[in-house]
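Here are my notes for anyone opening this one for the first time. Have a look at it before reading on.

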Amino acid sequence: DDDIARVAPAVRAQRAHLGFVIDDGGQQCALLDERGRLLEPMELTAVLARIAAGEQPGAAVVVDETAAAAAGPAILAAGGRLVACSPTAAAMFRTMRDTRAILGAAGGRWWFRDGRPVCDAIVTLSRVLDALSRSDAPFSSVVATAAPRDWAPLAAGS
């Protein structure tokens, strides 16, 4: 992606804490750590699940059914309850509403319960900044500690 290619070196050059790219629709986003490395969506899901489940232990976290097996260990380790659903926006909205989920993740989009399920990249950014504010650690360290050590996507860097 051209935007990622432009943001990554800027993050490194400016010694920024992170890079954040929002798609034209304002929902999908991509994040880069302080080294300019693009995060996999499930890495960010692990960070967000850790915060959300810490605030509401045992609450549901809805994940795209194609990523549920990979995301499950991190969500369970965070204290959340994994729920899988179709990756469509309609399915995510319904499943989050019906399970009273606190977080949803599908295809570079994160959903949060704010009265009703909301998918907005700016809300995602605010949650990421909240995660960073809880520690003096670099973003890459926050990401690395959010999931079990043996979580395949993190260990493989895929």
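The points below go through the sheet, the hairpins, a helix pair, the cores and a few single residues.

1. Before anything else: this is a predicted model, in which local features need pLDDT of at least 70 and side-chain atom pairs count only at pLDDT 80 or more, while totals for chains, interfaces and linings use all residues. Residues are numbered from 1 along each chain as its sequence is written, and side-chain values use heavy atoms, with hydrogens and water left out.

2. Start with the open sheet: five strands in the order β4-β3-β5-β6-β7, with mixed pairing. Helices (H or I, at least four residues) and strands (E, at least two) are DSSP runs, numbered from the N terminus. Two strands pair if DSSP finds at least two bridges between them. At the edges sit β4 (81–85) and β7 (116–119), each pairing on one side only. From one strand to the next, the twist averages 25°. As background, strands of a sheet pair through backbone hydrogen bonds, either parallel or antiparallel.

3. Inside that sheet, β5 (residues 103–106) and β6 (residues 109–114) run antiparallel and are joined by four bridges. Across this pairing, Ala105 stands opposite Trp110 in β6. On to the next pair: β6 and β7 are also antiparallel, over four bridges, and Arg113 has Pro117 in β7 as its bridge partner. These two strands form a hairpin with one residue between them, and Gly115 in the turn has a positive phi of about 85°.

4. There is another hairpin to look at, made by β1 and β2, with six residues between them; here Gly26 in the turn has a positive phi of about 80°. Strand β1 (residues 19–22) runs antiparallel to β2, with four bridges joining them. Gly19 is the residue that stands opposite Leu32 in β2.

5. How are α2 and α5 arranged? Helix α2 (residues 41–55) packs on helix α5 (residues 121–133) at an angle of about 75°, with the axes 10 Å apart. Axes are lines fitted to C-alpha atoms, for helices over the stretch in contact, and angles run from 0 to 180 degrees between N-to-C directions. The two helices are therefore roughly perpendicular to each other; angles under 35 degrees count as roughly parallel, over 145 as roughly antiparallel, 65 to 115 as roughly perpendicular and the rest as oblique.

6. Who meets whom there? On the α2 side, Leu44, Val47, Leu48, Ile51 and Glu55 meet Thr124, Arg127, Val128, Asp130 and Ala131 of α5, where contact means heavy atoms within 4.5 Å. By class, this contact has six nonpolar, one polar and three charged residues. (Ala, Val, Leu, Ile, Met, Phe, Trp, Tyr, Cys and Pro count as nonpolar, Asp, Glu, Lys and Arg as charged, and the others, Gly among them, as polar.)

7. The largest nonpolar core has 35 residues, and those with the most contacts inside it include Leu31, Leu44, Trp110 and Phe139. Such a core is a set of buried Ala, Val, Leu, Ile, Met, Phe, Trp, Tyr and Cys residues joined through side-chain atoms within 4.5 Å. Buried means under 20% relative accessible area, exposed over 50%, partly exposed in between (1.4 Å probe, protein chains only). Helix α2 gives the most to this core, with nine residues. A second, separate core of ten residues includes Val62, Ala101, Ala106 and Trp111.

8. Is Trp110 buried or exposed? At 3% relative accessibility, Trp110 counts as buried. Setting aside residues up to four places away in sequence, Trp110 touches Leu44, Thr45, Leu103, Val118 and Thr124, among others. Thr45, in helix α2, is buried too, at 1% relative accessibility. Beyond its neighbours within four places, Thr45 is in contact with Leu103, Ala105 and Trp110.

9. Last, two residues to check by eye. Most residues other than glycine have a negative phi, and most peptide bonds are trans. Arg15, in the loop between α1 (2–14) and β1, has a positive phi of about 55° although it is not a glycine. Arg100, in the loop between α4 (89–99) and β5, has a positive phi near 55°. Arg15 is exposed, with a relative accessible area of 76%, and Arg100 is exposed at 57%.
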